[in-house]
Amino acid sequence: MTYASPVFAHAAPKALHRLQVIQNKFCRAATDAHWCVRNSILHRDLELPTISKYMKDASKRFFDIAGSHPNALRAAVDYQPPHPTHLIRRPRNVLTDPPDALTAAVESLNDVNDTHD
């Protein structure tokens, strides 16, 4: 799953949600957390990024490295975003997408913890 994450990161939100559900179940099983513990709390306590955050970070690293690579094909990563009515999404568009609800909740919990430390 992590091997192709820079390209897979722009998959349909439903597919990413299914992966997130699997990750949440593994987190809950690994910590033996009660059913009432929020997923955002589990991710914060485990210091584990959500699937969408991980894939967005992997995409950013990939495009940063590809942009500075000496190969002449690096021009493939330098493109202008398509017109908003354009139906084809390019992998780099994931960097400008807003975070999903779980990622936003985990980031807000991390921000609260950083201000209290």
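This is a predicted model: local features need pLDDT of at least 70, side-chain atom pairs count only at pLDDT 80 or more; totals for chains, interfaces and linings use all residues.
Local features need pLDDT of at least 70 and side-chain atom pairs count only at pLDDT 80 or more, while totals for chains, interfaces and linings use all residues. Residues are numbered from 1 along each chain as its sequence is written, and side-chain values use heavy atoms, with hydrogens and water left out.

**Overview. The protein chain holds 5 helices and 0 strands.** Its elements run α-α-α-α-α from the N terminus on. Helices (H or I, at least four residues) and strands (E, at least two) are DSSP runs, numbered from the N terminus. The chain has 117 residues, of which 21% count as buried. Buried means under 20% relative accessible area, exposed over 50%, and partly exposed in between (1.4 Å probe, protein chains only). Take contacts between residues at least 6 apart in sequence: 63% join residues at least 24 apart. Contact means heavy atoms within 4.5 Å.

**View 1. Helix α2 (residues 13–31) packs with helix α3 (residues 39–46).** The angle is about 65°, and the axes lie 10 Å apart. Axes are lines fitted to C-alpha atoms, for helices over the stretch in contact; angles run from 0 to 180 degrees between N-to-C directions. α2 and α3 are therefore roughly perpendicular to each other. That term covers 65 to 115 degrees; under 35 is roughly parallel, over 145 roughly antiparallel, and the rest oblique. From α2, the contact takes Q20, Q23, N24, C27, R28 and T31; from α3, N39, L42, H43 and L46. By class, this contact has 3 nonpolar, 6 polar and 1 charged residues. Ala, Val, Leu, Ile, Met, Phe, Trp, Tyr, Cys and Pro count as nonpolar, Asp, Glu, Lys and Arg as charged, and the others, Gly among them, as polar.

**View 2. α2 also packs with helix α4 (residues 51–67).** Here the angle is about 115°, with axes 9 Å apart. L16, L19, Q20 and Q23 of α2 meet I51, S52 and M55 of α4. The classes are 4 nonpolar, 3 polar and no charged residues.

**View 3. H17 sits in helix α2.** H17 is exposed, with a relative accessible area of 51%. Its C-alpha atom is separated by 9.4 Å from that of D100, 83 residues apart along the chain.
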